[in-house]
Amino acid sequence: QVDAVRVYVNSSSENLQYPVLFVVRQQKGVLSWQVPLIFRGLYQRTYNYQEVSRTLCPSEPTPETGPSDETIFVDVSSMAPFNIAYELLVTRLENFQLETNKAFNFTASPSQPQYFLYKFPQDVDSVIIKVVSDAVYPCSVVSVQDIVCPVYDLDHNVEFNGVYQSMTKQAAITVQRKDFPGEQFFIVFVIKPEDYACGGSVPSSIHGNVNRTWNLQRMKNLQVTIVPSIKKSVYVQAMFFSFLSFLSFYLGSVVVAFVHYIRVRRKALAGGLSPEDGSGIVASSHPIAASTPEGSSYGAIDESSSSGGRQLYSPERGPPAGSDTDSSVEEESDFDTMPEIESDKNVIRTKVFLYLSDLSRKDRRIVSKKYKIYFWNIITIAVFYALPVIQLVITYQTVVNVTGNQDICYYNFLCAHPFGVLSAFNNILSNVGHMLLGFLFLLIVLRRDVLHRRAMEMKDVYTLDYGIPKHFGLFYAMGIALMMEGVLSACYHVCPNYSNFQFDTSFMYMIAGLCMLKLYQTRHPDINASAYSAYASFAVVICLAVLGVVFGKNDMWFWVIFSMIHVLASLALSTQIYYVGRFKIGKCYLGIFRRAAMVLYTDCIKQCSRPMYMDRMVLLIVGNLVNWSFAIFGLVYRPRDFASYMLGIFICNLLLYLAFYIIMKLRSSEKLLPIPLFCIVATAVVWAAALYFFFQTLSSWEETPAESREKNRSCILLGFFDDHDVWHFLSAAALFFSFLVLLTLDDDLDAVRRDKIPVF
């Protein structure tokens, strides 16, 4: 047992010119202070205390010398030309060494800090120091320091040594045996003279003698408990759980693919595949249900399905001029360079009832090239975006480890398990699901792509096309985006804070945008946005997100400008969707709004005619109401978490469009096969469970670090993962099922002619 001595001094003197100086000389160090003891705050405020209590650095008996007495010298002096009364009291501390799993209560104040000793038991390699208090204020600091004299236990020097964090009602620090060669450490408790560091009120700037405060009562009752942390075996179990949970998805995918293969083989042996057979898992289960082969026009339609009786080319006549070359110049040109076809497009795409054959007339190879650009571009973006992010978060983690300042990163400290140089390995490990399921989705898409290519090579009949055109570029891009979301979310959780939260959301914007583009591309393959314009739009969104993080807190001008951009972009996009890409903006971009106002006046005010495209109009009206509601909400409430606000806009628009698509699909007498139906149900269930854990707030960088720690909670899964880790697991599965919905939703149309598939 280590003995410690505490010195209490008191002086009635208020003369700051002649303070009483106390110097304590020990065998291993010197400790000194003055009375009145002065603390400095903001705006040159001073807080003076006439009662001071300090714990002297203890002496521990060594095996060589054994227990021995130590002589302590206390020198009291003052330069005052008159006598000053003081009181000196030296006491022996009875509970200086803390015990494992035993709570200890004590009181501290700015002029009377406390610190205690803890020694690691033989079978414990890591402990968690849990400190709680019933009162929010006064603000305090908890520090873990090595056994070095003197101990830094005052407000102005507590940050000089060890690991520390500010505290209101709760704090937790994980300490590992390997970080302390002596297998023991001091736990220091300091009460700050002001509360602004913990989210309290900031003192007003007042000049004169009013800036001095005497003997401000800032006592705080604290309770400290030291409990053993998890063992190494728990780390191993958590890793196995994380990988095996998601590898089971691989097993399930193999089982589904094998069952489908058996079904196809049985039908083939029974007499071949019929065009009426709907594939549930692959792009095309029979030759006639896929797109046309290389070199043919995959969207050829008969005369009856085109307006004006214009006869379109057929495969027998060969592909359009120039389609045999692989020149990248033709990726966007195909028919668009021919005035006759341009006129024909204006006629066809403005029909009241559009069919898929009307919007799938371009050469398959050129359109496939166009969508493959999504895949290659997102790989380039991912590399250039991720590398500086990784470098930055490594720097953050290094700063935390070197300085010991645990207020830099907003962890759930009650469930933050260190591993190597990482402070919260569990928050990083839980993102493995995004990477594993993203890679699995790429494998599923690749399998469909290969089967589709084989079906095209085996086909003998080219005059008719069936099903949704198969373009996999966007699906590949979605798989990469899911993997990168896991990488960047893990980077964010290396040191989560206000400055790098956009790392966690950037690819979520892209995932939502790519899903909407894929859903639109399904029945509008010829007029979907190019990869360059889509990624440029995502870049604008991310720029707005960064500006929102910087200026979105209190600047009203930013919210006005952003809301205007939001509303105008919604109107412009709505006009383009309503006219199926045939709306001409002209030389001035304001022309789009002039045309929209003219249509609104002539159709809705002047003659109140029924909209030409009623279904599209209903979708766009609801969509604009949702987006305008978001804009008004942002203007009124100005949420501090701008990145989540932006993500909410994307998610709501995606859900709205998906719901509209499924409703219109069922309304058109199309059916949902078992696999997409299962994926839809699984998506809804898993998303509901994931959102439950998402809203279990465990920390918040919108508040001060001390206030954020009030929300910290213990682990809930395997003693290793917290609520947010479960959110990572479930959200990865939910995104995977969401992607499968988009991949399999229209498998029932593989045997349906494209001139019979409606566009909505």
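A residue counts as buried here when its relative accessible area is under 20%, as exposed when over 50%, and as partly exposed in between, using a 1.4 Å probe and protein chains only. By that rule, Tyr645 is buried at 6% relative accessibility, and so is Phe630 at 17%.

Some ground rules for reading on: this is a predicted model, in which local features need pLDDT of at least 70 and side-chain atom pairs count only at pLDDT 80 or more, while totals for chains, interfaces and linings use all residues. Residues are numbered from 1 along each chain as its sequence is written, and side-chain values use heavy atoms, with hydrogens and water left out.

**Overall picture**

The protein has 15 helices and 17 strands; these are DSSP runs numbered from the N terminus, with helices being H or I of at least four residues and strands being E of at least two. Of the 760 residues, 52% are buried. If we take a contact as heavy atoms within 4.5 Å, then among contacts between residues at least 6 apart in sequence, 81% join residues at least 24 apart.

**Aromatic rings**

Rings of Phe, Tyr and Trp (its six-membered ring) pair if their centres lie within 6.5 Å; planes under 30 degrees apart are stacked, over 60 edge-to-face, and the rest tilted. The structure holds 62 such pairs. One of them is Phe630 with Tyr645, edge-to-face at 6.1 Å centre to centre and 65° between the planes. Phe630 sits in helix α11 (residues 614-637) and Tyr645 in helix α12 (residues 642-667), 15 residues apart. Elsewhere, one aromatic cluster includes Tyr235, Phe419, Phe678 and Phe737.

**A four-stranded sheet**

Two strands pair if DSSP finds at least two bridges between them.

Six bridges join β10 to β15 (residues 184-191); among them, Lys119 is partnered with Gln184 and Phe116 with Ile187.

**Disulfides**

With a disulfide taken as two cysteine sulfur atoms within 2.5 Å, the count comes to four. Three of them are listed here.

| Disulfide | S to S | S-S torsion and hand |
|---|---|---|
| Cys57 and Cys149 | 1.5 Å | about -65°, left-handed |
| Cys139 and Cys198 | 1.8 Å | about 45°, right-handed |
| Cys409 and Cys495 | 1.8 Å | -90°, left-handed |

Cys57, in the loop between β6 (51-55) and β7 (73-77), and Cys149, in the loop between β12 (140-145) and β13, are 92 residues apart. Cys57 is buried at 11%, whereas Cys149 is partly exposed at 26%.

Both Cys139 and Cys198 are buried at 0% relative accessibility. Cys409 lies in the loop between α3 (364-403) and α4 (425-429) and Cys495 in the loop between α6 (473-494) and α7 (502-523), so their link ties together parts 86 residues apart in sequence. Numbered in sequence order, the bonded cysteines pair as 1-3, 2-4, 5-7, 6-8.
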